[in-house]
Amino acid sequence: MTLQGWVSFKKHAAGFVCLASRRLVVPNNYKHVCLFSQSAANMAEEAKKLAAYAAVDNHIQNNQVVGVGSGSTIVYAVDRLAERVRQEKLNIVCVPTSFQARQLILQHGLTLSDLDRHPELDVAIDGADEVDKDLTLIKGGGGCLTQEKIVAGCAKHFVVIADYRKDSKALGQQWKKGVPIEVVPMAHVPVSRTIAKRFGGEANLRMAVSKAGPVVTDNSNFILDWKFEHAQNWKEVNTAIKMVPGVVETGLFVGMAERAYFGMEDGSVQVRDPPVN
């Protein structure tokens, strides 16, 4: 290397070292946003735990067959269920609603069964993406809507657990991703077109995040997310959508939940029963 080249290299290297040694200055408002986001996330997790523990404590008894839902909130419910089984020596049989639920049951050493052996359940506990004032639910954000609805339908009592962010007066106020609809893969285009034409809005194929292509359910089907434009008669819409050829199931749970537990921001648990007609 020539003398001139060496001098040039030293200048660049010195500049690099100088840049590398500088401290990154983070604006105070950015720090505040990060801390606020972290605090809000922690609050939501604690709210999920409160709702899950309340539901398990109020609805689980000895010698029951229990439907175990799917999603992030159900993790706390299984934690509490396993704790009670150990402490109180309860005889509990668990029926899962998904691969995730099955793994949770096995990881906690709980007794695993299925609907072949236990077609009638005493209670099913599950989360929801949104719950309205009538206890109509949107479920299926995690892609397990069909098995969740089957298990809930086999239970004498269906109980919902959620945090305060899932509570709304009308569907669509809080949950903006639409109603999940499980469809046979070959039918996703005609079903999407039919739904948009008959009910408005748009039904988009849900794409996977960590794999190429669409999300594939535990039943090897696709999911459409129907972003509706306005409030509907959900009972009628649910029935009509299910009649479209190629539709397996919808994420609308109408008239199924008998109680919902909401973990609140202040550390309390709010209980909601369906309105008396």
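**Loop residues, helix packing and cysteines in a predicted chain**

N63 is found in the loop that runs between α2 (28-59) and β1 (64-68), where helices (H or I, at least four residues) and strands (E, at least two) are DSSP runs numbered from the N terminus. The structure is a predicted model, in which local features need pLDDT of at least 70 and side-chain atom pairs count only at pLDDT 80 or more, whereas totals for chains, interfaces and linings use all residues. Residues are numbered from 1 along each chain as its sequence is written, and side-chain values use heavy atoms, with hydrogens and water left out.

Most residues other than glycine have a negative phi. The phi of N63, by contrast, is positive, near 65 degrees, and that of L135, which lies in the loop between β5 (130-131) and β6 (137-138), is likewise near 65 degrees. With buried meaning under 20% relative accessible area, exposed over 50% and partly exposed in between (1.4 Å probe, protein chains only), N63 counts as exposed at 53%, while L135 counts as buried at 1%.

Over the chain as a whole, seven helices and 14 strands are present, and 44% of the 277 residues count as buried. Among contacts (heavy atoms within 4.5 Å) between residues at least 6 apart in sequence, 74% join residues at least 24 apart. The C-alpha atom of M256 is separated by 8.7 Å from that of H157, 99 residues away along the chain, and M256 itself is partly exposed, with a relative accessible area of 24%.

The axes of helix α6 (residues 188-199) and helix α7 (residues 234-242) come within 11 Å and cross at roughly 145 degrees, the axes being lines fitted to C-alpha atoms over the stretch in contact and the angles running from 0 to 180 degrees between N-to-C directions. The contact is made by I195, R198 and F199 of α6 together with V237, A240 and I241 of α7.

The structure holds zero disulfides, a disulfide being a pair of cysteine sulfur atoms within 2.5 Å. Of the cysteines examined, C94 is buried, with a relative accessible area of 0%, and C144 also counts as buried, at 16% relative accessibility.
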